[in-house]
Amino acid sequence: MTNEAATIGLTHGGSEDTGLGHRGPESKSIVVPYGFWLFVLSDMVLFSALFATYATLVLATDGGPTTNQLFDRNLVAIETIALLVSSFTCGLAIIAARRSNMVWAQAWLLVTGLLGAVFLSIELYEFAIMIGEGAGPQRSAFLSSFFTLVGCHGAHVTAGLLWIGTMMAQVWAKGFQPHIMRRLLCLSVFWHALDIIWVAIFTIVYLIGTLP
Amino acid sequence: MRFGVLSALVLPLCACNRGIFDPVGPVAAAEKQILINSTAIMLAIIIPTMIATVAVAWWFRRGNAKATYRPDWEYSGAIELVVWGVPILTVMLLAGIAWIGSHDLEPSKPLKSDKPPLTVDVVSLDWKWLFIYPEQGIATVNRLVVPAGTPVNYRLTSATVWNVFWVPQMGTMIYTMPRMTTRLNLQADRPGIYDGLSGHFSGDGFPGMQFKAHVLPPQQFALWVQSARGSGQALDGRAYAELSKPTSYVKPTTYGAVAPGLFDAIVADRVPGTQLLPHNRPTTEQGAGHVR
Amino acid sequence: MFGKLSWDAIPFHDPIPLFTSLVVILALAALAIWVWRKGWWPYLWHQYITSTDHKKIGIMYIVLGLLMLVRGFSDAIMMRLQQSMAIGASQGYLPPEHYNQIFSAHGTIMIFFVAMPLVIGFMNFVVPLQLGVRDVAFPTMNNVSFWLTASGALLINVSLFVGEFARTGWLAYPPLSELRFSPGVGVDYYLVALQISGVGTILTAVNFVTTILKIRAPGMSYMRMPVFCWTSLASNLLILAAFPVLTVTLGLLMLDRYLGFHFFTNDGGGNSMLYMNLIWVWGHPEVYILILPAFGIYSEVAATFSGKPLFGYRSMVFATLAICIISFCVWLHHFFTMGAGADVNAVFGIASMIIAIPTGVKIFNWLFTMYGGRVRFSVPMHYLIGFMLTFVIGGLTGVLLAIPPVDFVVHNTLFLIAHFHQVIIGGVVFAIMAGYTYWFPKAFGFTLDERLGKAVFWCWFIGFHLAFMPLYVLGFWGGTRRLQHISDPSWAPWLHVALLGAVIIGVGIVLTVVQLLYSIRTRDQRRDVTGDPWDGRTLEWLTLSPPPHYNFAVLPDVHGEEAYWTRKQTAIKQVALIEEPDYQPIEMPVDTPTGVICAFFTSLCGFAVIWHIWWLAILGLIGAFAVLVWYAWRDEHEHLIPVGEVRKNARERRRIRMEHLHELSQST
C-alpha cells in the first residue's frame with residue numbers, strides 16, 4: 001500500500017496502524033452498547049446541569065426549611081441499600097441470561113424491579129411527607145431544585161421499571177436472541193448508571209445536607 | 001423627502017461623531033480607544049488576508065497557464081508555523097488589552113477623582129426609568145441629571161424584568177436585575193443632553209423606555225437640586241405603586257421628596273402599599289410615541 | 001375538556017397571521033391533493049417518510065430546513081419592513097405584541113429549524129458515504145430523530161394559527177418568560193417545541209458519534225477521515241455534551257411555568273442569572289455545532305475545486321478539536337455586562353479570543369489549499385471565497401465583542417446583530433448553499449444550473465452586506481436590538497438600506513427555487529453519468545449518482561488520506577479499475593413507520609401540554625411508548641439484497657467508469 005501511495009505522491013499517506021478502523025465496521029454487539037453508552041453519557045451531562053442548579057440554589061431557602069431540617073439519613077440509607085442491591089441482582093440477571101437460563105433471568109429481573117419499586121416508594125413517601133409539612137417544591141428555590149434533581153432520578157427509575165417490565169415480556173416471548181441480549185445489556189448499563197447518579201445524590205444532597 | 005436624501009449623504013460623514021464614537025466622559029473615551037486600537041491591530045492581519053485570498057484564487061485559476069500547478073503540495077512546516085504563529089501573537093496582544101482593560105474599566109470600580117462622587121440609584125420599571133438621588137432626597141423619571149466633571153456612583157436594580165441601563169456617550173452599560181443590585185461608575189465631562197435607553201428587551205413597551213441624560217455644570221446642578229427639592233409630588237409607597245403600573249413613552253417628571261430606603265425596599269421587593277402587578281399592555285402618556 | 005384552548009385562540013381579528021396561515025393550510029392541502037392525484041403517496045411513504053436510508057433522511061432534513069428558511073426569512077423581511085417604517089411619528093404596521101412574536105420566531109426558527117436541520121441533513125447524506133459504509137449506526141433511530149425535529153417545527157408553525165408564539169426573544173430569558181410576565185401560551189409553544197426537537201437532536205448525536213467512531217470502511221483510520229467527517233464528529237460531540245443542558249434549562253423554566261417552582265422567578269429565592277448561565281452553556285457550543293460542519297464543507301470544496309489535497313490536514317483536525325473543547329469555556333462572554341467582576345470577565349474574554357486562533361489557522365489553510373492549485377470558479381468555490389472574505393470581518397467583530405471593555409458599549413446592540421449574522425450567514429448559510437450545489441448531483445443524478453447558481457450567490461453576498469453593514473453603524477450610534485419603534489429619524493436611511501439588502505436576499509431565495517425548477521426541467525442535459533461530476537477526492541464520488549440504497553457493492557478498501565483520489569489516480573495511470581471483487585448479498589435495514597407514528601403522538605402530546613389538555617397529553621405519551629414497544633417486537637430487522645442485483649448494478653457502474661477512464665486517459 002505504501003508503495004502505491006508513494007507512486008502517486010501523497011506526502012504522508014500514513015501507516016496502516018494509525019488509529020482504529022483498519023478492520024472495517026464493527027459488529028452490532030459492539031456498536032449498540034457503544035451508542036447506548038454515549039446516550040448514558042449525555043444523561044450524565046443532564047444530571048450534572050441539575051447538580052449545578054442544586055448547588056447554586058441550595059442556600060436560597062427564602063426563609064423556608066433548610067437541608068438539615070428536612071432530610072432523614074436513616075430513610076435514605078434504606079433507599080440506597082435497596083437501589084445498590086438491585087444493581088447487584090441486575091448483574092445476576094445478565095449472568096443468568098448469558099447462560100440462557102429463563103427462570104433465573106426472569107426471577108432476578110423481577111427482584112431488580114421490585115427493589116426499584118421499593119426505592120421509588122420510599123422516595124415518594126419522603127416527598128409526600130415534605131409536601132405535607134409545607135416544604136413542597138413551590139416553597140423556595142432550594143426545594144424546587146431538590147425536588148427536580150431527586151425527582152428526575154426518580155423519573156429515570158420509573159422509566160427503568162417500565163423497561164424491565166417490557167424486557168421481561170420480550171425475553172419470555174422471544175427467548176435469548178442476540179438482539180434481545182443487546183437490549184438486556186443496555187438495560188443493565190442504564191440501571192447501573194442510575195446507581196452511580198444516586199450515589200452522587202446521596203453524597204451531595206443528603207450527606208452534605210445533614211452535616212451538623 | 002429632501003431632508004431624507006440630504007441626510008443620507010451627510011450621515012456617513014458624521015458617523016464617527018456620535019454614539020460611542022463621541023464620548024463625553026473618561027470611561028467612554030477609554031472604551032472608544034480600546035475599540036479603535038483592537039480594530040486596527042486586527043485589520044493589520046485581516047486586510048492582507050482578504051487581499052491574498054482574492055489574489056491567490058485569481059492567480060491560480062484554472063485558465064492561467066503562468067501559474068504552476070502543484071497537485072501534491074499539501075504541507076509545509078514553515079508555513080504551518082507562520083499560520084499558527086500569527087494568530088497566536090495577535091491574540092496574545094489582544095489578550096493583554098482585554099486583561100488590562102477589564103480591570104481598568106470594571107464597572108463597579110470607583111473612578112479616580114478629587115471630587116466626592118454623587119450617588120444615583122437607578123430602577124428600571126415597566127417601561128421607564130426611575131432615578132433616585134438618596135443624598136439629595138429627590139427622584140426623577142426618565143430624566144437623569146448629573147453634574148459635569150463629577151464621578152457618579154450608580155446602584156441599579158429592576159422592579160420587574162431585566163433591562164440594561166445605558167447612556168452610549170457616557171460608556172459602559174449594565175444590567176438591571178430584580179432582587180439584585182449592580183454597580184456602575186461613570187463620569188460625564190461635557191455638559192449637554194444625551195440619549196439614554198434600555199439595551200435589553202423587556203416586553204411590549206420596551207421601545208419607549210428611553211430617557212435623556214442632562215449633564216449640567218456643577219453650580220447649575222446644585223440649582224436644579226434646590227428647585228426640585230420640595231416641589232411637586234413626593235415619591236412614597238402610594239406614588240410608587242402608581243408609578244410602577246406598566247406605561248411606556250413616559251414624560252419626564254420630578255419628585256420633590258423620596259421615602260427613605262425606597263431603593264432597598266424595591267430590591268427586597270417589599271415596598272409598602274404595592275402588590276404584584278400583571279404585566280399588561282402599556283398605556284401611553286405621550287402623543288408622539290403612540291402605542292396601539 | 002380542552003384546557004386553555006378555545007375559539008379565541010384563532011386570530012380572527014389579526015389579518016396577517018390569519019391570512020398567512022390560511023394560505024399555508026390551503027397550499028399544503030393543494031400539494032397533498034396534487035401528490036395524491038399523481039399517485040405519488042406510496043412512493044413518498046416507502047422511499048422517504050418511512051425510509052431508514054441515511055441519504056433519504058438527509059434529503060428530508062434539507063427539505064425541512066429549506067422550507068423553514070422561507071418561514072424564517074418572511075419573519076426577517078417583516079421585521080426589516082417594520083423597522084424601516086416605524087420611525088419617529090409613525091408606528092409602522094406591526095403592534096409590539098405582534099412584532100415581538102416575529103423576532104422571537106425568527107431567531108428560534110432560523111437556529112433550531114433551519115440551520116440545525118440543514119447541517120444535520122448534510123451530515124446524514126454525506127458522512128456514511130465519505131466513510132465508505134452503507135448506513136449510520138442506528139438507521140431507525142435516525143428516522144425517529146428526523147420526525148421528532150419535524151414535530152417541533154410543526155408545533156412552532158401551529159402557533160401561528162392557534163394561539164401565539166413567545167414574545168420574549170429567541171432565548172426566552174426569565175423573568176420576562178415567567179408566567180407573571182408572559183401568561184400566554186407563546187412561551188409554552190417555544191419550550192415544548194424545542195424540547196421535542198432537542199430529543200431528536202441528542203439521538204442524532206448518539207447516532208453520528210457511534211457511526212464515525214465505530215463504522216468506517218476498512219483502512220479508514222482516524223487520520224484518513226475526510227475533514228467533513230472530523231468536523232461532524234466534533235459537532236456531534238458538542239451536541240452530546242451541550243443539548244442535555246438545554247433540555248434541563250428549558251425543563252426548569254417549564255416547571256416554573258407549569259407547577260409554580262421557583263428556579264428563575266423574582267420571588268421564592270429564584271435566580272434568573274442561573275438561566276442566563278445555563279442557556280449559554282448550551283448556546284455558545286451551539287454556534288460551533290453549526291459552524292464546524294460548515295468548516296468541513298468548505299474544506300471539501302477547497303480541496304476539490306483547487307484540484308489539490310487540503311493544506312495542513314493535521315492542523316485542520318487539531319484546530320477542529322481545539323475549537324470543540326474551548327467552545328465550552330467561553331459562555332460568560334454573552335453577559336459581561338452582568339457585573340461579574342474584572343477577573344471573571346477578563347478570563348472568559350481571553351478564552352473567547354483563543355478560539356480565534358484555530359479559526360484563523362483554518363482560514364490560512366484554505367488559502368494555502370488554493371495556492372498552487374487549479375482553481376475552478378464553480379458555484380461552491382464562489383461561496384468559499386465569499387465566506388473567507390465575509391467571515392474574517394465577522395471574526396474581527398467577534399473578537400471585539402470578546403474584549404470586555406468594548407463589549408460594555410456594543411453588547412446587545414445592532415452591532416451584535418450584525419456580528420452574528422455575519423458569521424451565521426457568511427459562515428453557515430454560505431456553506432449550506434455550497435454544500436447544496438456540491439452534493440446535489442450526488443443526491444439526484446444531475447447538476448444544478450451554474451448561471452442561476454452564481455446569481456443566487458451574488459444575491460446573498462451583496463444582499464447580506466447591504467442588510468447588515470448599516471447595523472454595525474447603528475450599533476455604534478447606540479442602537480439597541482429588538483426595537484419595534486425607532487425614535488431617532490436619522491436612522492432612516494440606514495434602515496432603508498438594510499431593507500433593500502433583505503429584499504436582495506429574498507430575490508436570491510426566489511432564484512434558488514427557480515434554479516431548482518429549471519434544473520429539473522433541463523435535467524436530461526445535465527446528467528451526472530459518471531458519479532464524479534466535480535473530479536472529487538472523497539469516497540462519495542466513487543459510487544454512482546444517485547447511489548444505490550446500499551451505497552457500495554463492496555466496502556472500499558482505503559489507502560491513504562484521500563481515499564477516492566488515490567484510487568482514481570492509480571486507475572488513470574494503469575487505465576484499469578481494481579480487480580472485480582467477489583460480490584456478496586447485502587443486508588439492509590427494513591423501512592419502518594415507527595418514526596412518523598411516534599412523532600405524531602409526540603406532537604399530539606406536545607400540543608396538549610401547551611394547552612393544558614392533560615388527558616390528551618397522557619394519551620399521546622402512551623401512544624408514543626406503545627409504538628416503540630411495537631417496533632421492538634418486530635422479527636424482521638433486515639432485508640437481503642440478492643447477490644445478483646448487487647453484481648448487476650456493480651458491473652454497470654464498472655462499465656460506466658471504464659468508459660470514463662478511457663476518456664480521461666486519452667485527454668491526459
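In this predicted model, helix H8 (residues 272-306) and helix H13 (residues 414-444) of chain C approach each other, with axes that come within 9 Å. The axes cross at roughly 50 degrees. The crossing is left-handed. On the H8(C) side, the contact is made by C:Leu290, C:Ile291, C:Ala294, C:Ile297, C:Tyr298 and C:Val301. H13(C) contributes C:Val423, C:Gly427, C:Val428, C:Ala431, C:Ala434, C:Gly435 and C:Tyr438. Of these residues, 11 are nonpolar and two are polar. No charged residue takes part in this contact.

Chain C also meets chain B. Here, 80 residues of chain C are in contact with 85 residues of chain B. Several helices of chain C give two or more residues to this side, among them H4 (96-131), H9 (313-326), H11 (379-402) and H15 (492-521). The largest share comes from H10(C), with 17 residues. The side of chain C that touches chain B holds 47 nonpolar, 26 polar and seven charged residues.

Chain A was examined separately. Its secondary structure comes to seven helices and zero strands. From the N terminus on, the elements run α-α-α-α-α-α-α. Chain A has 212 residues, of which 33% count as buried. Among contacts in chain A with a separation of 6 or more, 80% join residues 24 or more positions apart.

Terms used
Residues are numbered from 1 along each chain as its sequence is written. Chains are lettered from A and ligands numbered from 1 in the order in which they are written. This is a predicted model: local features need pLDDT of at least 70, side-chain atom pairs count only at pLDDT 80 or more; totals for chains, interfaces and linings use all residues. Two residues are in contact if their C-beta atoms, placed from the backbone, lie within 7 Å. Helices (H or I, at least four residues) and strands (E, at least two) are DSSP runs, numbered from the N terminus. Ala, Val, Leu, Ile, Met, Phe, Trp, Tyr, Cys and Pro count as nonpolar, Asp, Glu, Lys and Arg as charged, and the others, Gly among them, as polar. Axes are lines fitted to C-alpha atoms, for helices over the stretch in contact, and angles run from 0 to 180 degrees between N-to-C directions. A crossing is left-handed if the near helix is turned anticlockwise from the far one by less than a right angle, and right-handed if clockwise. A residue is buried if 20 or more other C-beta atoms lie within 10 Å of its own, exposed if 12 or fewer, and partly exposed in between; C-beta atoms are placed from the backbone.
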